[in-house]
Structure formats: C-alpha cells, structure tokens
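Okay, thanks for having me. Let me put the structure up, and then I'll walk you through it.

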Protein chains: 2
Amino acid sequence: MQITRASEYAIRAVLFMARSPYRDVVLKKDICRTQDITPAFLTKIFQPMIKHGIIGSQRGVGGGFFLAKRPEEISLLDVIRAQEGEILLNTCLEEKGTCSRDMICPVHNTWRELRETMLESLSGKTFTDLLQTEQEIQKNLQQNA
Amino acid sequence: MQITRASEYAIRAVLFMARSPYRDVVLKKDICRTQDITPAFLTKIFQPMIKHGIIGSQRGVGGGFFLAKRPEEISLLDVIRAQEGEILLNTCLEEKGTCSRDMICPVHNTWRELRETMLESLSGKTFTDLLQTEQEIQKNLQQNA
DNA sequence: TGATTGTTGACTTGTTCCGTTAACTTTCTG
DNA sequence: CAGAAAGTTAACGGAACAAGTCAACAATCA
C-alpha cells in the first residue's frame, strides 16, 4: 500500500522542471543532482512519462527534458498513473468478472468508493498547487527564522 | 497500491465468522471451503489476527476459531492493519526524520491527508455494516429475480 | 492413549522493486 | 563530415515481498 520510489522520483523531477519557465529544456544531470536520483534510473522513469505526454525530450547537444504540459495541467495522479498504472486497491476492481463474488461481495463498494476518493484527491493536486504550497512553506520558514 | 491476498482472505474469513453467533467456534475447513482459501494459508493469516485480538482460537477436538470481538467492534482497518501493518502511502510518512526533505516537501501534506481519509474510511466500516450491506444486496437480487 | 485440532518456523516459487549496463540513435558543433 | 553530447531501448541482476506449502510440535478431548 505504498507508492514506488519511481513515482516519488517522478514527482520530484516534474516539480523541479515546473520551477523552470514552461517548455525550457532542463539537463538530466541537473535533475539528478538536485533530486537525488541516479541518471540511469531517471532515464527509465522518464520513458513512460514521455509516452503519456507529460514530459518531452530533445536529443543531441543541448538536449534534455521539458514539461510537455503546463504545471496546472499535470496532477499527481497523472504522474503516478504513468509510473504504476491504474490505482485499484483490490484485484476485484480490475475487470468486470474477475471477481466471482462480484455480485454478492459487500466489500466491493467500499473499495470502489475509497478508490474514487483517492483519485479525486490525487487528480485535484496539480503541480501549480505544489509550487504554491512550496512557496508558502518557505515563507513560513523565513518568518520563524 | 493494492491490498494483499492475505488481507482479502482475512476479510472474507472474518465476515464468514461474523455470520455465526458471537463467540461460536467455527471450523477451519468450513471457512476454507466456503471462502476459497487453502488451510495452510489460512493458518498463517490467522496468527497475526489472534495476536491483535481480533479472533480467538481453541485447540483440540471440537476446536477452531471464533471472533474475539463483536462484529461492530471490528473494522476493515483492523483486519488490514493486522495483515499489512500501517498504511503509509510513502516512505516519508514512516518516521520523523526518514525524509530529509521533510520540512520543504510540498507533497508531504497531500500524502498525510490522503492517508487520513483512507484510515477514516476503513475504520468506519465495521463487519456489522458489511453484514447489513450483504443483506441489502441479497434482498435486491431476490426482488429482481 | 490416540485422534483432532491449533502453533511455529523454515522453506519454495514466482513476481515486483530498484536499479545497472551496454549497444544504439539523434542532434548539434566545428 | 567527424565526433561529441545528448536521449532510447532491451536485457540483466540482486533483494525483497507475495502467496503459499510443509513438517514437527503442543494442546485438548473422548
């Protein structure tokens, strides 16, 4: 019941890119250095993100990665889904018919509702929200210093 | 991001026992046969449940398992916690200090809130609730038949 | 005493997590 | 056009976890 390191790193990376001007190319090594991710692993993490249209890539000299969408259009759910696929909680939510107890299982609906809540919560948090939260945290830290 | 088979089976087993009168001993093989769980695996699943005081056991002839609490005192969260430990969503929620980014991470609070929501939802569902839901499902099925 | 039950710990098999490695392609610069 | 600087892809590998199994043991009852 935990997100993977890949999801955590992906969130960090997107948040880092969201701090640069929109569509600016950032260097992989800059992401890795600041966010504590190994280059090889970041490469792997970025591939599904590219396929999902969250980030873009530029090859060759001066190449790198950039956000393919504006931060307000990217949610935590988008990133997690790119890394881990659908959030399901229990196998019985996978496909109609997978659960032979489908029609009589009194827990089924609880899983479905809880899943809905999670999806709403995660899709409601965009990286613009996170940037704003970040600024508020830093303001509070300075005030208390 | 899924519950384990062990949790699923544990929930099934408790639900089954909750249908018998309180503290009645039920046979392992009856649980296994009706709930599609292998005896050896159920044995393993039941041990942490006993330690958590959710179910009790009786050795010897005529022995078996029984609910150590009333169904209304057992929640889905109790069973899941017995099987899987704490629900944490991200390692940064584990222990104070585990996350070096603790003070500046803008996502931290989202994890914490989402976790709270899940805990509330799961602790709010008792096995009395599930039994009632079950009866409603069966009533609806009969009406539509 | 012996059959019937639960207890415990070690074991197995398969999958997922968390990466690494190496060969390859694209792009820019001189 | 050569070569350096990037990203791409597929395969590999160790560790941990999931999902069970097994066998020796302890307790209980008839």
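So, how many residues of chain A are in contact with chain B, and how many of chain B with chain A? It's 39 residues of chain A in contact with 39 residues of chain B, where contact means heavy atoms within 4.5 Å.

Quick housekeeping. This is a predicted model, so local features need pLDDT of at least 70 and side-chain atom pairs count only at pLDDT 80 or more, while totals for chains, interfaces and linings use all residues. Residues are numbered from 1 along each chain as its sequence is written, chains are lettered from A and ligands numbered from 1 in the order in which they are written, and side-chain values use heavy atoms, with hydrogens and water left out.

Back to the interface. Who supplies the chain A side? Well, α1 (5-18), α2 (28-35), α4 (76-84), α5 and α6 (127-143) of chain A each give at least two residues to the side that touches chain B. α5(A) gives the most, with seven residues. And helices here are DSSP runs, H or I, of at least four residues, numbered from the N terminus.

Now α6 of chain B. That helix covers residues 127-144, so to speak 18 residues, and reaches 26 Å from its first C-alpha to its last, close to the 26 Å expected at 1.5 Å a residue; the expected span is 1.5 Å times one less than the number of residues. Its buried residues are F127(B), L130(B) and E134(B). Buried is under 20% relative accessible area, exposed is over 50%, and partly exposed is in between, with a 1.4 Å probe and protein chains only. Looking down the axis of α6(B), the buried residues fall within an arc of 50°, so they line one face of the helix. The arc, by the way, is that of the directions from the helix axis to the C-beta atoms. What do they pack against? α5 (108-124) of chain A, together with α1 (5-18) and α4 (76-84) of chain B. Turned away from that buried side, you've got the exposed residues Q135(B), K139(B) and Q143(B).

Last bit: salt bridges, meaning a side-chain nitrogen of Lys or Arg within 4 Å of a carboxyl oxygen of Asp or Glu. The whole structure has ten of them over all chains, but across the interface of chain A and chain B the rule finds zero.

Let me show you two in chain B. D30(B) and R33(B) meet at 2.4 Å, N to O. They sit three residues apart in helix α2 (residues 28-35) of chain B, so about one helical turn separates them. D30(B) is partly exposed at 23% relative accessibility, whereas R33(B) is exposed at 57%.

Then there's E86(B) with R115(B), at 3.0 Å, N to O. That pair links distant parts of the chain, 29 residues apart: E86(B) is in the loop between α4 and α5 of chain B, and R115(B) is in helix α5 of chain B. R115(B) counts as buried at 17% relative accessibility, and E86(B) as partly exposed at 39%. Over in chain A, salt bridges that share partners join R81(A), E86(A) and R115(A) into one network.

That's me done, thanks.
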